[in-house]
Amino acid sequence: MIQVMNWLSMAIGLIPLNRQQLQSNFMLDYVMMLIMPCLYLASYLGINLFHRFGLPFLDDCNSVCRLSNNLFMHLGAFLYVTVILLSLYRRKQFFVDFETRLAEIDVIIQKCRRVAELDKMRSQAVKHSVAYHFTWLFVFSVFIFALYYDSRELYLTFGEYAIIPFMVSSFPYLAGSIIQGEFIYHVSVISNRFEQINKLFEKINQEARHRHAPLTVFDIESEGKKQELKPTPAEKAAATKAIFSNEPKLADELKRQKAQPPKQEDEDELNTSDEEDDDIFDYNDGMMGENTDSTSEANLPDLFKLHDKILALSVITNGEFGPQCVPYMAACFVVSIFGIFLETKVNFIVSGKSRLLDYVTYLYVIWSFTTMVVAYIVLRLCCNANNHSKQSAMIVHEIMQKKPAFMLSNDLFYNKMKSFTLQFLHWEGYFQFNGIGLFALDYTFIFSTVSAATSYLIVLLQFDMTSILRNEGLMT
Amino acid sequence: MSPNSWVIEMAAHKSRLQVRRSLSPHPHALGSDAFVRSPHAPVGNPVFEDIGTILSVLKASGLLPIYEQVSSFEVGPPTRTNEFYSFFVRGVVHALTIFNIYSLMTPNGAKLFISLRETDNVNQWIELLLCILTYTLTVFVCARNTKCIIQIMNEILKLDQEVLRQFGVALSNNCNFSIKFLLLIAACQAYIIFIRIHVLDGVITPTTYILIGFYAIQNGLTATYIVFASALLRIVCIRFQFVNRLLNGYSYAQLLGKSRRQLQSHMESFPEDSLFIYRTHNRLLRIYKSINECCSLIIVCFLGYSFYTVTTNWYNLFVQITNNKGVISSHIMQWCLAWLCLHTALLTLLSRSCGATTNEANITSQILARVYGKSKEFQNIIDKFLTKSIKQEVQFTAYGFFAIDNSTLFKIFSAVTTYLVILIQFKQLEDSKLEEQLQETN
Amino acid sequence: MSQVTPMVQPLLLQFQQLFFLSKVVGVLPQDLTKFRHKNVLEKSRNGMIYMLGMLALYVGLYNLLIYSFSEEDRTLKATQSTLTFVIGLFLTYIGLIMMATDQVTALFNQGKLGELYERIRVVDERLYREQCLVNNSCIAKRIRIMLVMTIIFELFILLTTYIELVDYTQWLSLLWMVSAIPTFINTLDKIWFAVSLFALKERFEAINATLEDLVTEHEKFQTWLTGDADAPEPHTADSSETQPPQYDSNLEYLYKELGGIDIGSLRGSGGKNNKVAPIAHSLNSFGESIQTPRKPHQPNPNPMMNMAHESELSNATKVEEKLNNLCQVHDEICEIGKAMNGLWSYPILSLMAYGFLIFTAQLYFLYCATRAQSIPSLFRSAKNPFITVIVLVYTSGKCIYLIYLSWKTSLASKRTGISLHKCGVVADDNLLYEIVNHLSLKLLNHSVDFSACGFFTLDMETLYGVSGGITSYLIILIQFNLAAQQAKDAIQSFNSFNDTAGLVGAATEFGNESSTLYDLVTTTMMTPSNY
């Protein structure tokens with residue numbers, strides 16, 4: 001699905017071709033990005049300067065129709081031009097940056113999972129739920145319907161020149177929505193990483209619960225409990241039989257040996273991010289030497305660092321896509337308001353009288369619905385990502401409150417966790433998904449827009465349309 | 001934690017304070033008027049003498065209990081007779097209110113309205129009712145909060161006592177503004193009464209006099225209560241300021257350019273002082289919260305009333321100015337201006353004192369963050385307080401509806417503008433309708 | 001600070017042209033010659049008198065302007081709806097009020113302004129001691145760009161309006177030139193604020209960069225360490241669990257001292273003892289504009305360093321010293337920000353009020369002009385849509401740039417805590433964690449929020465609210481106008497007993513009106529997001 005969207009956005013020149021390679025054919029990539037805008041500008045200027053091929057210049061287009069069509073066109077132009085300019089400004093650097101950072105994060109996550117022994121349980125890629133597929137299907141069908149409706153109507157009106165009015169009516173909104181789709185994809189990736197981290201934190205939390213025991217029996221208890229945690233019942237039985245047996249430990253050792261070589265490769269790949277690997281190694285081995293075995297709390301420093309990195313990644317993503325959100329939300333707002341206005345004041349009264357008028361009204365309604373769906377998904381995902389990152393801090397607090405054995409035995413862990421929670425406080429003040437600071441992208445935004453829309457609608461609905469409609473001969 | 005330990009420390013503290021004062025680069029910053037006062041206030045002095053006038057007004061009108069002064073740092077509950085007096089006054093007030101509402105219903109009351117057109121009369125009606133409602137509510141809330149007020153006063157006095165014992169400093173209250181405001185209120189109300197009676201024509205019955213007089217008294221007393229609340233807030237604010245100033249002595253900006261020995265001796269007393277500061281700060285916060293609880297209902301009501309009055313008066317003023325007939329009634333202009341002046345001043349006072357106190361309360365942690373503690377011990381002390389104050393924003397809320405600070409003033413005035421614009425729109429519609437009718441009749 | 005030799009260039013050095021210009025037009029009263037020679041802002045009685053004279057002159061000229069153009073307005077009151085007239089009346093003096101606020105505030109603050117820049121200089125020195133350099137050179141460039149932009153905008157608006165819309169056959173029409181004075185003076189004053197704010201932001205960013213540098217260098221060091229000593233490490237006992245990090249940071253400093261030389265050009269001079277080489281190096285690479293007055297090289301006898309020498313030279317303490325100092329400098333910058341905000345709070349409030357009112361009024365008058373209604377003569381620029389757009393861009397650009405800068409500055413100040421924690425995480429040392437936690441608690445309590453007199457904070461959310469406010473007020477105003485026109489038309493049609501003609505008129509009118517309406521809506525939506 002993501003692939004389809006990426007191809008689409010490459011095709012209409014919203015993201016550079018070969019976005020992953022920095023040193024690919026520079027000219028080709030960016031010229032590709034310029035084709036569609038040029039086409040669009042040609043149609044837009046053509047319509048506005050030569051007064052042909054536009055709906056407003058048809059004979060049976062009345063004043064209401066002309067007004068709404070002009071609004072739709074200019075709003076689309078505003079949206080598309082800002083979106084394209086920002087996309088050009090973004091360039092490839094962002095994508096390359098994003099991917100490398102993501103790769104770093106994934107490597108660390110993998111390692112942590114290995115340490116926490118989560119990878120055995122769910123080593124496959126995350127299975128998407130039904131809701132995910134349904135959402136995609138829904139969005140795609142909505143878009144296809146919108147495009148189909150628009151192109152069919154235009155084809156009926158203009159014949160083979162339909163492409164020109166189509167470029168100025170539906171295309172800008174499509175382009176804006178696709179960029180939002182890119183944003184959605186990136187945020188969902190981030191949100192997914194947060195979820196994985198939370199799972200790891202949760203694991204530590206559970207272990208802390210199990211091992212909430214006096215210090216004196218720390219070694220034995222933890223050993224036993226830890227083996228209980230292992231998923232296979234056979235091993236569990238073995239553990240209960242022989243708590244002091246060295247067998248599982250040996251197995252762990254072996255596994256660790258096996259795990260080591262790939263990690264070395266990772267280190268070669270990413271020179272910048274492996275110092276923490278080293279740290280963790282020291283630490284783990286120290287633990288092993290002392291017979292406490294490595295458990296998932298050894299992940300903590302890595303997880304903290306991961307959390308920090310993912311947040312930094314979200315800052316970058318938001319910096320790139322946030323500005324594009326602003327015109328999109330504005331366009332969505334205006335289109336929705338006028339859609340409701342036209343639907344209630346015009347279409348209810350005189351539907352079926354004039355085909356063009358009906359077309360424009362429905363266009364408004366369809367696109368307001370489509371853009372609202374996309375905007376809602378954006379808000380929802382941003383909110384989710386925020387909540388996930390908040391949840392990590394919550395879990396860490398929970399761990400701290402339980403005072404697990406590893407924390408009591410070592411001051412370092414306590415300080416680390418405190419440092420993490422404090423850092424999260426700083427992050428909370430510093431960052432939230434937003435559109436260049438104008439509004440926060442979460443559910444409060446819906447509330448504020450709806451209240452604003454209500455007041456504008458009250459004003460708009462006061463306009464007395466009947467005389468105009470009568471004047472156009474639509475009403476008797 | 002017992003205050004005795006502080007008593008023993010007293011001498012040392014005093015000497016330290018002397019040293020500090022001489023050392024500090026900005027002596028005026030440390031204590032302009034807080035330290036100038038003589039260390040031992042004479043015992044016979046009444047407490048809160050700065051706001052004595054306003055207190056006596058409120059006591060006489062039964063809004064505040066007529067408390068007994070036990071010592072110079074404690075007030076006791078009122079005696080039986082005084083309590084009975086307050087009770088009696090409140091009863092009279094309620095009786096008068098009922099009488100007023102009754103007489104408003106009779107045609108006699110209708111004469112009160114300087115009528116221009118239909119909407120204005122409605123406005124005046126609503127204004128009157130709001131005023132009555134606000135004052136009645138004030139009386140009720142005050143009657144209920146008698147004990148609470150005395151408790152707040154006692155808390156403040158106890159704090160003063162401790163400060164006096166610790167540092168030999170009697171905190172002044174700096175509440176001279178209360179008398180000015182009292183005068184302003186009295187002048188405005190008297191002026192309004194005068195204009196009203198002047199404008200009325202025909203025979204004026206005693207009932208009308210009572211009506212007008214009581215209306216003015218209601219307004220005046222509500223306003224006086226607001227001034228009293230602001231004065232209380234100012235008193236708390238000064239206490240907060242004292243704490244902050246004390247703490248500021250330890251911040252690193254004060255320590256620049258001192259030798260290490262001096263630094264050490266300077267910081268030595270920090271743990272003790274910090275203990276005192278934390279405790280005082282907490283107590284002040286408690287006082288602040290209880291003041292908020294006591295007054296917030298009245299303040300909400302007053303804000304609503306005041307908002308309404310300001311809007312209608314601006315509207316009237318606008319109508320007068322843009323009157324096409326060229327007849328500007330100077331009485332109405334003066335009247336509107338007096339109301340506007342009074343309410344704007346009160347709103348400003350309230351929001352400013354709330355804002356200042358909130359600001360002082362919140363700034364303590366910021367100043368503490370500036371304390372430079374080299375050793376672990378100091379850092380732990382600082383950390384403890386800072387951790388406590390994370391996300392603990394103190395606010396003076398209007399019954400939990402919204403926070404009152406400087407931005408409230410801004411919000412009120414922007415809301416006034418919006419409503420004004422809408423009202424003017426209505427007026428224009430009315431005008432055009434009127435003209436149409438006129439033309440039709442012609 | 002008893003130190004005489006300047007270690008860092010004062011910020012004011014970059015303000016030469018701006019100060020000269022503002023002195024001439026009477027924005028600032030401070031002494032010119034002292035500024036030339038010593039780069040300080042000092043009180044000056046002559047300057048004050050000069051400035052008051054200028055203020056009186058401007059007020060006089062402006063009143064003359066209003067008087068001479070008011071004849072055109074006589075007809076306005078008679079013909080037009082009262083609304084346009086009242087708005088015009090209300091806004092006539094707002095530009096003058098804004099200018100007077102700026103100048104009077106500058107008069108009152110003339111002593112404090114100098115102190116402010118002195119404090120910034122002290123901060124620069126302290127930052128320099130922590131080897132964190134701030135590049136001032138782009139500030140001069142910024143000032144120049146802003147000045148040029150201002151002059152272009154002002155001249156363009158003035159000349160186009162004069163040529164297009166003013167009847168220049170009359171001699172008195174030359175007075176129209178006066179109409180540009182208030183905005184120009186206001187802009188000059190705001191350039192001071194904006195540039196100083198930008199300088200503060202740069203200082204915050206320098207602190208953040210220093211902290212991040214610490215992190216990256218530590219990372220580099222660790223990779224180097226692991227490349228070397230991978231084998232012996234894994235078999236350390238549990239007791240030395242916390243030992244390796246300390247060992248790391250031990251070496252880290254060595255490494256930094258070494259690295260300081262070759263990366264020296266980036267980070268300025270290295271440590272305390274081996275000065276000469278890195279200084280020369282950095283001098284060359286920076287060019288003369290940034291750090292010229294730095295003489296090679298006094299050992300700077302400041303108390304902080306002394307203390308560091310006296311205390312143990314173990315590295316946790318050294319880092320602690322450094323972090324502590326950075327934290328204090330951060331606080332000092334926050335304080336400066338607050339003080340600056342305090343100095344300019346009334347001018348900013350008046351600017352914001354001006355921006356809001358003028359933006360709304362200009363759009364409303366534009367609407368009136370398209371409906372062929374007459375508008376107040378002072379707002380004649382609204383008769384031409386293109387000039388209106390330029391005026392709106394200029395006014396909103398001023399406001400939005402200030403808001404944007406304050407927002408960015410407070411974000412940069414918040415960023416410091418995050419960078420600090422990164423230091424702690426990367427070193428992974430118990431002692432350092434404690435230090436970091438302590439300092440981070442302190443940083444949480446440093447706040448730099450810019451507000452206009454406490455009425456509203458200057459951040460982007462306010463902008464969002466304001467743009468909504470402008471739109472709704474505009475719609476309300478236009479509705480008024482529409483209602484008034486319709487009422488008038490209705491009366492006329494009633495008088496002429498010609499219903500059908502009136503309805504046709506109203507109907508065609510509506511089509512045009514709503515098209516302008518949506519134009520206005522889109523412009524208000526567009527402008528905030530573009531600038």
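Modeller: I start with a whole chain, then close in. Chain A has 476 residues, and 43% of them are buried. Buried means that 20 or more other C-beta atoms lie within 10 Å of the residue's own; 12 or fewer makes it exposed, anything in between partly exposed, and C-beta atoms are placed from the backbone. This is a predicted model: local features need pLDDT of at least 70, side-chain atom pairs count only at pLDDT 80 or more, and totals for chains, interfaces and linings use all residues. Residues are numbered from 1 along each chain as its sequence is written, while chains are lettered from A and ligands numbered from 1 in the order in which they are written.

The close look goes to helix α7 of chain B. Helix α7 of chain B runs over residues 146-167, 22 residues in total. Helices here are DSSP runs of H or I with at least four residues, strands are runs of E with at least two, and both are numbered from the N terminus. From first C-alpha to last, α7(B) reaches 32 Å, close to the 32 Å expected at 1.5 Å a residue. That expected span is 1.5 Å times one less than the number of residues. The buried residues of α7(B) are B:I149, B:I152, B:M153, B:I156, B:L159, B:D160, B:V163, B:Q166 and B:F167. They lie on the same side of α7(B), because they cover an arc of only 155° around the axis. The arc is taken from the directions from the helix axis to the C-beta atoms. Just past α7(B), B:G168 has a positive phi of about 65°.

Chain B also has a strand pair. β1(B) (residues 68-71) and β2(B) (residues 74-76) run antiparallel, joined by 3 bridges. Pairing requires at least two DSSP bridges between the strands. The two form a hairpin with 2 residues between them. B:E68 stands opposite B:G76.

Now the annotated spans. For chain B, an unreviewed UniProt entry lists "transmembrane region" at residues 87-105, 125-143, 181-200, 212-236, 290-308 and 328-350. Such positions are given in the numbering used here, feature names are shortened, and annotations may be inferred rather than shown by experiment. Residues 125-143 of chain B are 100% helix, with end C-alpha atoms 27 Å apart. Residues 212-236 of chain B are 100% helix too, and there the end C-alpha atoms are 36 Å apart. In chain A, the UniProt annotation, also from an unreviewed entry, includes residues 161-185 and 325-342. The chain A span 161-185 is 88% helix and 0% strand. For residues 325-342 of chain A, the figures are 100% helix and 25 Å between the end C-alpha atoms.

Confidence comes next. pLDDT is the predictor's confidence in each residue, from 0 to 100. Chain B has a mean of 79, with 82% of residues at 70 or more. Residues 1-44 of chain B fall below 50, and this stretch has 35 contacts beyond near neighbours in sequence. A contact means C-beta atoms, placed from the backbone, within 7 Å. Chain C averages 74. Within chain C, α11 (residues 276-286) is lowest at a mean of 32, and α15 (residues 345-370) is highest at 91. Where pLDDT is low, the predicted coordinates should not be read in detail. For the complex, the predictor gives an ipTM of 0.77 and a pTM of 0.79.

Conventions: Two residues are in contact if their C-beta atoms, placed from the backbone, lie within 7 Å.
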